[in-house]
Amino acid sequence: MMKHWLVIFGLWQLLTRTLAAAPPASPVVIPETDAVPNFRLLDHTGVSHELYRQKEHRVVVLFVAGNGCPIVRLSVPELKRLREQFSPHGVVFALLEVNAEDQRAEVAEEAREFGIDFPILLDPAQGVARALSITRTAEAIAIDTATWRIIYRGALDDRLAYGQQKPAANRRFLAEALAAFLEGKPVPQARTEFKGCAVTFADALAKSSPPVDYPRAVAPLIASHCVNCHSRGNVAPFAFSNYDKVRGHSATIREVLLEDRMPPWHADPQHSAFSNDRSLTPEQKRTLLAWIEQGAPRGDGIDPLPAAQPGPAPEWPLGRPDAIIAMPEAAKIPATGLVPYQLYTVKASLPEDAWVRGVVIRAGNAKVVHHCLVFINYPDAVKHLEPKQEQGTAGFFAGFVPGTEPVMFPAGTAKFLPKGAEFVFQMHYTTTGKEETDRTEMGLYLATEKPATELITGAATTQEFEIPPGARAHPVRAEFQFERDAWLYEFSPHMHLRGGSFTYTAKYPDGRSEVLLNVPNYDFNWQTLYRLRTPQRMPAGTRLVCAGTFDNSARNPANPDPKATVRFGEQTADEMFIGYFNYADVAVSDRAATKRARR
């Protein structure tokens, strides 16, 4: 027995001497991989953040969070120390909230309770979490903005463990990695073990879940949210006509879902409900992302998409109009390039005064008409009754955006159309790669009698702003006050290429304040009309405050010149700040009828 112990002891000594003589282990190195994909998420305050717009920083650090995780809470002081140490050197920090069940209000409450003053990016669809292969909270992920590759991921330090914590850290892993990278040296330890709360993924993204069914789960989403534009002859660049087409564009679908570019809907879901909301829910996004992650399987059953293709659009979706107003001539659109707004003026040619209860603008060439606004000019005899428009900066008569279904004006309302009026078509065209033409028409549906109240398109607007060169979030504000009790129906924010965010807030006479629409990531390419599902009552004296920001920095990919000082102007390279909205007085309008005004 003693001999056996002597042999074991001898082997142990030999092994110890061998290990002592061996060179130190090489540091863990993350293998060369694809760049981290771009993504855009809202934070817990409703502000939009896009990864690839962080180029002015050298490193983006994401710290994975989940409400209630004790290790995340205990890590906040160290994160603040790291921010103080490294933010002067081009490092920006944010938390990434990956629990699908955590609601924004809960996240905001925990942020207040624990003094978390970092942006907390919300990932309710868990698409970013899956793209980054996240499994637990309390993981730090440092991303080089020059290549969008991960330079470090793991623990902040060695201080925290499950149910335990040291008085001080012996190793500050993230700090060591950032210091080395910023000095141009190799990161000493690119991946470390970390402790955190396990992340539960929704069933649609669980690796053990069965394949997502294309005919029953994916195709209906494509049909209801995509084919209205992505179909033959419509404005989108390719058609989702069958499974092969969808699968062929699945990588693009994943990209636009992570970047929240499609479907084109920019309202923050935290505020109000809209009848024309075309966005996908987090659950629907998870379904599509899971299907793509699984390799976009075809599955069994008949492909529903061919039958879901929109047939020939009815000439007039609300029926034959009572009057049709067409552009006086066809517009010619070049093959490529940015086309400035085109203006076309035409007489209404109605034999008498009329009230309009609905409008349909029909694009002559849906492939090129991005949007259209129509303004009305009253004849001189009743010019004093003309709605406040100020060449479109204070209102408009009608509008069109592809994908928006036309509806009649709200019941009991109409817009006044005096005899001898003229319309101005403001056309925004996009190019297709070949020369095109368009002659858009407007159909008018006339009321048989004067309505109970007049529908008015108003605006909160200002021309008094000056955006400095390089400004990232230059604030601009305008407001409108309701003189009488009114019903508020729709919103349409308008800015140009430097538009960043836009918010409508109601300031009620009793001191209450309510955000009605928040557009955290304004996109000039989509002049969306946001139609409230339930009209909002605006008591007399209510102020509708519009607040927005402009991004005149180089990080804005649409910015034509980050070095320019930008002021109000009608050209696309200038800027506007207009908060359009449709409303009607609760009481019968006291505006004089035209005939009475003429007397």
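The buried residues of helix 5 (residues 173–182) pack against strand 3 (59–65), helix 2 (70–86), strand 4 (91–97), strand 6 (140–144) and strand 7 (149–154), where contact means heavy atoms within 4.5 Å. The model is predicted, so local features need pLDDT of at least 70 and side-chain atom pairs count only at pLDDT 80 or more, while totals for chains, interfaces and linings use all residues. Residues are numbered from 1 along each chain as its sequence is written, and side-chain values use heavy atoms, with hydrogens and water left out. Helices (H or I, at least four residues) and strands (E, at least two) are DSSP runs, numbered from the N terminus.

Helix 5 is mostly covered, with eight of its ten residues buried, that is, under 20% relative accessible area (1.4 Å probe, protein chains only). Among them are Phe-173, Leu-174, Phe-181 and Leu-182. Just after this helix, Gly-184 takes a positive phi of about 80°.

Turning to another pair of helices, the axes of helix 8 (residues 250–258) and helix 9 (residues 282–293) come within 10 Å and cross at roughly 140°; axes here are lines fitted to C-alpha atoms over the stretch in contact, and angles run from 0 to 180 degrees between N-to-C directions. Ser-250, Ile-253, Arg-254 and Leu-257 of helix 8 meet Lys-285, Leu-288, Leu-289 and Ile-292 of helix 9.

Finally, Thr-413 lies in strand 16 (residues 413–417) and is buried, with a relative accessible area of 5%. Its side chain reaches the backbone oxygen of Pro-410 at 2.7 Å. Beyond neighbours within four places in sequence, Thr-413 is in contact with residues including Arg-357, Tyr-489 and Ala-584.

Key:
Buried < 20%, exposed > 50% of the residue type's maximum accessible area, 1.4 Å probe, protein only. Polar contact = N/O pair within 3.5 Å; in protein donor to acceptor, adjacent residues only side chain to side chain.
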